[in-house]
Amino acid sequence: MSKSKIKYICSNCAYESVRWLGKCPECDSWNSFTEELIETGRRKSFKVPQKVSFHKITEITATEEDRIKTGITEFDRVLGGGLMPGSVVLLGGDPGIGKSTLAMQASANIKNKVLYVTGEESEKQIKLRSSRLKITSDEFYVLAETELGQIIASINNLDPAVVIIDSIQTMYRSELENSPGTITQIRECTSLLMEEAKKKNYSVIIIGHVTKEGMIAGPKLLEHIVDTVIQFEGESNHSFRILRAQKNRFGSTNEIGVFEMHEVGLREVTNPSELFLSEREKQTPGSVITSSMEGTRPILLEVQALVTPSNYGYPQRVSTGFDQRRLSILLAVLEKRANIRVSSANVFLNMAGGLRIQEPAVDLAVCISTAASLLNRVVDNQTVVIGEVGLGGEIRSVGNIEKRIQEAEKLGFTRAIIPSGNEKGIKSSGKLKIAFVENLSQAVELTIGRNT
Ligand code: TYD
Ligand code: MG
């Protein structure tokens, strides 16, 4: 009989403690400890096995062609060109964002057998969804089961190329006493799936729900175990969904995939710029178009600022899709270097379309849109504004300027304001007029006129 006792584990970094702690001494996260049953039976003694096997690297065959294409280009790109056989992908996201839908649509085009293991919905519910998504694949199998032993047995029986586990929070191993959804179960289930996938060479997509704090509930620890972690993001009031790789052993983590949720499932957005610009109001003060590199693709998007007088002593700074601290810095630069008085005003900033931008190349657009809203001036909506803003008010050069300019030209923009440091990287092209700027005041003057 194995004995067990209760321990507390940090759901962020797996630090173990004998009592509950409010703050984790290892990773400093608050309120992250959960109660877990730990088996304390005697460990088996260590034995060195007699038989071992290894191979010369020249004898092992593996090519990029082995990847399994899901046929959904945006998904395949984020994966690094398709699913790698024997790999485990963690697909995380808020409940209701569309993870099951995406996984099901991705399975529909795979030529080989796919086993969809559902712990959340019944076979009938899966059937209803598949009818809605018009899935007719003959190689799509469904298993409603949550006990991992049974699942592994079914996998061995069916011999699929891809297995989908929906979701990891509902799965359990019967030899453990912990209930499903606990850290121990999630970790042990994933480790076993990982081991089996590598042994039998099938790919596994594990679906995991994310908690409000942005952690994949418990499975934050899974990030270390699995090969690839992709996150499905979006705002519930927007139909756009963005797929982002956070870790990828078989590809880059810069690529994003853009989707739109429709009545009949997710639709790929192959030209995101068009989508993010489509709702832009004609010529409103405070709206500026900029370009952000998302992986290898430049995406044009609209930055919106609303500046209002503050009636209280302490003005508000609220940003959606942009780092709040970065916004504060840019506002200080704007005030000090370009003489735009924003210190006593409320500033609300929004990246239209629900995008989250981390690239400094949008700095200049943030400054210009704020200045434009404050002074109630309009920036021509055929102009794109690109540049990083330094603390001295200088405009610093950005990467991939050629690509950004090409994209702007393709979408019919007529003018681009870019850092003078990028002048060398640019071959002059006909339709798009380019203005180079060295500092913030210059950029303000070029876009909204003299600050008087
Ligand atoms: P779902 O894939 O069940 O989300 P998750 O698995 O991440 O919890 O998607 C649920 C949402 O998507 C739900 O609000 C309904 C919506 N939806 C559509 O709008 N169109 C569709 O074709 C489908 C299948 C779902
Ligand atoms: Mg689901």
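α2 passes α3 in a right-handed crossing, that is, with the near helix turned clockwise from the far one by less than a right angle. The model is predicted, so local features need pLDDT of at least 70 and side-chain atom pairs pLDDT 80 or more, while totals for chains, interfaces and linings use all residues. Residues are numbered from 1 along each chain, chains are lettered from A and ligands numbered from 1 in written order, and side-chain values use heavy atoms, without hydrogens and water.

**Exercise 1.** Describe how α2 and α3 pack.

Step 1. The angle is about 70° and the axes lie 11 Å apart; axes are lines fitted to C-alpha atoms over the stretch in contact, and angles run from 0 to 180 degrees between N-to-C directions.

Step 2. α2 and α3 are therefore roughly perpendicular, the class for 65 to 115 degrees.

**Exercise 2.** Find the polar contacts (N or O pairs within 3.5 Å) that Lys99, Thr101 and Gly265 make with ligand 1.

Step 1. From the backbone, an N or O atom of Lys99 is 2.8 Å from a ligand oxygen, and a polar atom of Gly265 is 2.6 Å from one.

Step 2. Thr101 uses a polar side-chain atom, 2.5 Å from an oxygen of ligand 1.

**Exercise 3.** Which elements give two or more residues to the shell around ligand 1?

Step 1. They are α2 (99–108), α3 (123–132) and β11 (256–262); helices (H or I, at least four residues) and strands (E, at least two) are DSSP runs numbered from the N terminus.

Step 2. α2 gives the most, 3 residues.

Conventions: A polar contact is a pair of N or O atoms within 3.5 Å; within protein, one must be able to donate a hydrogen and the other to accept it, and residues adjacent in sequence count only if both atoms are side-chain atoms. Angles under 35 degrees count as roughly parallel, over 145 as roughly antiparallel, 65 to 115 as roughly perpendicular and the rest as oblique.
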